[in-house]
Amino acid sequence: MASSLDGLVFAPVADQAPGQVGRRTRFEYHERDGRVRAEYSGGDVVTGYLVGTRTADTLDFRYVQLRADGTTASGHCVSLVTELPDGRLRLEDTWTWESQEGSGTSAVEQLRA
């Protein structure tokens with residue numbers, strides 16, 4: 001199992017569609033006893049939160065966000081935690097909007113401290 005996400009900061013490896021997370025978005029994760037949460041903001045996202053669980057290297061969580069245009073959105077995501085060759089962590093995400101149409105995949109990588 002990859003190391004704890006607690007206190008780590010992640011950034012997307014690519015931009016998504018407008019109104020979604022992008023390369024300027026930052027996620028700060030917290031993890032304890034199989035429970036995971038994160039706050040995120042940047043780019044088109046004013047503020048966002050995710051909350052869920054971790055079993056081995058799989059995260060299962062719901063997310064909600066406030067966008068710069070004043071709209072809100074929410075959804076469900078399952079992420080696989082992997083370790084990069086340089087020791088940083090990467091999350092491979094499969095997500096589905098619950099507040100609107102759409103689904104997809106994305107990835108975030110741990111930023112160096």
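A quick definition before we start: strands here are DSSP runs of E, at least two residues each, numbered from the N terminus. Keep in mind that this is a predicted model.

**Exercise 1. Work out the fold pattern and the overall dimensions of the chain.**

Step 1: Count the elements. There are 0 helices and 8 strands, so reading along the sequence gives β-β-β-β-β-β-β-β.

Step 2: Check the size. For 113 residues, a compact globule would have a radius of gyration near 13 Å, and the chain agrees because its value is 13 Å. Its C-alpha atoms fill a box of roughly 35 × 25 × 20 Å along the principal axes.

Step 3: Look at burial. Of the 113 residues, 42% count as buried.

**Exercise 2. Decide whether T25 is buried or exposed, and place its side chain.**

Step 1: T25 sits in the loop between β1 (9-12) and β2 (26-32).

Step 2: The cut-off for buried is under 20% relative accessible area. T25 has 0%, so T25 is buried.

Step 3: The T25 side chain reaches the backbone oxygen of G42 at 3.1 Å. Leaving aside neighbours within four places in sequence, T25 also contacts F10, A11, P12, Y40 and S41, among others.

Terms used
Residues are numbered from 1 along each chain as its sequence is written. This is a predicted model: local features need pLDDT of at least 70, side-chain atom pairs count only at pLDDT 80 or more; totals for chains, interfaces and linings use all residues. Side-chain values use heavy atoms; hydrogens and water are left out. Helices (H or I, at least four residues) and strands (E, at least two) are DSSP runs, numbered from the N terminus. Buried means under 20% relative accessible area, exposed over 50%, partly exposed in between (1.4 Å probe, protein chains only). A polar contact is a pair of N or O atoms within 3.5 Å; within protein, one must be able to donate a hydrogen and the other to accept it, and residues adjacent in sequence count only if both atoms are side-chain atoms. Contact means heavy atoms within 4.5 Å. The radius of gyration is taken over C-alpha atoms; the globule rule is 2.2 Å times the number of residues to the power 0.38.
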